[in-house]
Amino acid sequence: MTPETAALFMAVVAGLFGLLIGSFLNVAIHRLPLEDESVGRPRRSRCPSCKKTLAWFENVPLVSWVLQLGRCRGCGWRIPVRYPVVEASTAGLWVLAAGLTGPEDLGLFLVWILVLSGLVVATFVDFDCFEIPDEVSIGGMVLAPIASLLVPALHDASPVAQWMSDGWQAGLPVTRAGALLASLAGMVAGGGVLLVIGWVGKRVYGQDAMGFGDVKLLAAGGGFVGPGGALVALMLGAVLASVVGVLNMTRFFWVSRTRSRRRRNPRALLRTLQVARVAGRYIPFGPYLGMGIGIALLAWNHVVQFLPWPA
Ligand SMILES: [Zn+2]
């Protein structure tokens, strides 16, 4: 097998397994916030609406949703677009990870798809319920140091890891001790910076500006991307969330302005602005923080070489 064939083969396998795991992540996203169901129970997938156990052909990622025109065959319940979106994005992220690591970096690939899948779950649970499951955030904090010891290449670009790797030179891999230290420093930096921002926000605005779920999520992410990566992830997440926040406020403004015009009440414009301001602010931060962590994870190695200081 030529290296090109091996890389192509790996990407195809990653895509197919990504679809399957994406379908499993859908179950996790639906069940993790629920009290009386767990990921493994009930054992078979079922329709959340009529509780009918699904046959294998109703459970094929993407294909079933398309063939059934987005509806349950039993009760006609409209299956949320989230289901095919989660399956497609998991598969897409796995293919991307396969393309960036290649067959010779299998350890790195496995850690990357684990982190990316956790981020998919955190993102969609946060969109749905405004919370990030501890299974993802605390689980990530437990796994990050272990993964760093097993796959030190995770932290090849981290100045902390390089500084700890005795006699390290540019281009050399970092040692296990260096990777472990970078992971711990990343957790402290990621969790710490959000704790400080949350504390200042509470002092200034007198209300909780930052959910503790976000603190735990960035702590876990920092364990995989190191302290520099954690700060990059936070900056990217803040920019993405601001853009979406402004778009959201604009949308609320247009909707409520159209409504008040229909009622021929010109004085409602000021109230409309106030409503839009309040409504537009309520977007979850986790999904954008998660995107920041994902980008830092996949791109930090490439970004770091363009930094003005020697790394
Ligand atoms: Zn149904």
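Analyst: A crossing is called left-handed if the near helix is turned anticlockwise from the far one by less than a right angle, and right-handed if the turn is clockwise. Please note that this is a predicted model.

User: Which hand does the crossing of H4 and H10 have, then?

Analyst: H4 and H10 cross in a left-handed manner.

User: At what angle do H4 and H10 pack, and how far apart are their axes?

Analyst: The angle between H4 (residues 106-129) and H10 (residues 286-303) is about 165 degrees, and their axes are 8 Å apart. Angles over 145 degrees count as roughly antiparallel, and H4 and H10 are therefore roughly antiparallel to each other.

User: Which residues meet there?

Analyst: From H4, the contact involves Trp112, Val115, Leu116, Leu119, Ala122, Thr123, Asp126 and Phe127. H10 contributes Gly286, Pro287, Gly290, Ile293, Gly294 and Leu297. By class, the contact of H4 with H10 has 9 nonpolar, 4 polar and 1 charged residues.

User: Changing topic: how do H3 and H4 pack?

Analyst: H3 (residues 82-101) packs with H4 at an angle of about 155 degrees, the axes being 10 Å apart. This makes H3 roughly antiparallel to H4.

User: Is that crossing of H3 and H4 left-handed or right-handed?

Analyst: The crossing of H3 and H4 is right-handed.

User: What is the make-up of the H3 contact with H4 by class?

Analyst: It has 12 nonpolar, 4 polar and 1 charged residues. Among the residues in contact are Arg82, Leu93 and Trp94 in H3, and Phe109, Trp112 and Leu116 in H4.

How values were computed
Residues are numbered from 1 along each chain as its sequence is written. This is a predicted model: local features need pLDDT of at least 70, side-chain atom pairs count only at pLDDT 80 or more; totals for chains, interfaces and linings use all residues. Axes are lines fitted to C-alpha atoms, for helices over the stretch in contact, and angles run from 0 to 180 degrees between N-to-C directions. Helices (H or I, at least four residues) and strands (E, at least two) are DSSP runs, numbered from the N terminus. Angles under 35 degrees count as roughly parallel, over 145 as roughly antiparallel, 65 to 115 as roughly perpendicular and the rest as oblique. Two residues are in contact if their C-beta atoms, placed from the backbone, lie within 7 Å. Ala, Val, Leu, Ile, Met, Phe, Trp, Tyr, Cys and Pro count as nonpolar, Asp, Glu, Lys and Arg as charged, and the others, Gly among them, as polar.
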